[in-house]
Amino acid sequence: MTTDDRPPAPGTTVTEADLPYLRRCVELAAEAVAAGDWPFGSVLVGVDGTVLAEDRNRESSTGDPTRHPEFELARWAALHLAPEERASATVYTSGEHCPMCAAAHGWVGLGRIVYASSARQARDWKAEWGVTATSPLSPLTVQEVVPGLPVAGPVPELAERVKGLQWRFRNPEVSEAD
Ligand SMILES: [Zn+2]
C-alpha cells in the first residue's frame with residue numbers, strides 16, 4: 001500500500017454502499033469452498049445498484065483453471081450489456097483480479113473494480129502458511145494490466161474472512177478455520 005499527498009482518485013476508495021456487494025462476494029466464496037472450489041466470488045452491479053450477474057470459482061469442479069468468477073462476469077457482460085452499460089458497471093470480488101481476469105475486464109470495457117482482499121495479501125498468507133506453489137502468471141496488479149481503471153480495496157475485516165476461507169480450502173481435513 002502506498003500513500004501520497006494527492007486526494008484519492010474517484011472510485012478508488014471503498015464506501016459504505018460497496019460493503020453489501022462485497023459481503024455477497026464473500027458468501028459466494030464460502031459457497032465455492034463448500035463445493036470444493038477455490039474461495040472466490042464476484043458480483044457485477046449496474047450503475048443503478050442492480051445486481052446483474054454473480055458467480056463463484058469453479059476450477060476444481062470443472063477441471064478448467066480459467067473458471068474464475070471475474071472472467072465469467074466479463075464474458076457475461078460482453079454477451080448481455082451494451083458498451084456504455086459495461087463501462088458504468090462495477091465488478092465486486094472477494095479477491096483482487098488475477099492478470100487473466102483483469103485483461104478480460106479491460107477487453108470488454110467494464111468499469112470500476114472493488115475487492116475485499118488484495119493479491120498481495122493472498123501472497124502474504126501463502127508465505128505465512130509456507131505454501132510454495134506459485135502462480136504461472138506474473139503478479140501484475142489490475143492497474144498494471146488496465147491502466148487508469150478505478151480500483152478500490154482491500155477491506156480489512158472482509159479480508160480476514162477471505163483469509164479464513166483460504167485456510168479452510170487448504171486444510172479441508174479441519175472442519176472450521178474460525
Ligand atoms: Zn482470475
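This is a predicted model: local features need pLDDT of at least 70, side-chain atom pairs count only at pLDDT 80 or more; totals for chains, interfaces and linings use all residues.

User: Why is helix 1 called roughly parallel to helix 8?

Analyst: The two helices pack at an angle of about 5°, with their axes 10 Å apart. Angles under 35 degrees count as roughly parallel, and therefore helix 1 is described as roughly parallel to helix 8.

User: Which residues of helix 1 and helix 8 meet, and of what class are they?

Analyst: From helix 1 come Leu22, Arg23, Val26, Ala29, Ala30 and Val33, which meet Leu158, Arg161, Val162, Leu165, Arg168 and Phe169 of helix 8. By class, this contact has 9 nonpolar, no polar and 3 charged residues.

User: What makes a residue such as Leu22 part of the largest nonpolar core?

Analyst: Membership requires a buried residue of a listed nonpolar type, joined to others through C-beta atoms within 7 Å. Leu22 belongs to this core of 40 residues, and is among those that touch the most other members, together with Cys25, Ala29, Leu44, Tyr92 and Ala116. Helix 1, strand 1, helix 3 and helix 8 are among the elements that each supply at least two residues of the core, and the largest share, 8 residues, comes from helix 1.

User: Which residues does Ala116 touch beyond four places away in sequence?

Analyst: Among them are Leu22, Cys25 and Val26, as well as Leu158, Ala159 and Val162.

User: What is residues 16-126 listed as, and how far apart are its ends?

Analyst: UniProt, in an unreviewed entry, lists this span as "domain: CMP/dCMP-type deaminase". Its end C-alpha atoms lie 29 Å apart, and the span is 50% helix and 20% strand.

Conventions
Residues are numbered from 1 along each chain as its sequence is written. A residue is buried if 20 or more other C-beta atoms lie within 10 Å of its own, exposed if 12 or fewer, and partly exposed in between; C-beta atoms are placed from the backbone. Helices (H or I, at least four residues) and strands (E, at least two) are DSSP runs, numbered from the N terminus. Two residues are in contact if their C-beta atoms, placed from the backbone, lie within 7 Å. UniProt positions are given in the numbering used here, feature names are shortened, and annotations may be inferred rather than shown by experiment. Axes are lines fitted to C-alpha atoms, for helices over the stretch in contact, and angles run from 0 to 180 degrees between N-to-C directions. Angles under 35 degrees count as roughly parallel, over 145 as roughly antiparallel, 65 to 115 as roughly perpendicular and the rest as oblique. Ala, Val, Leu, Ile, Met, Phe, Trp, Tyr, Cys and Pro count as nonpolar, Asp, Glu, Lys and Arg as charged, and the others, Gly among them, as polar.
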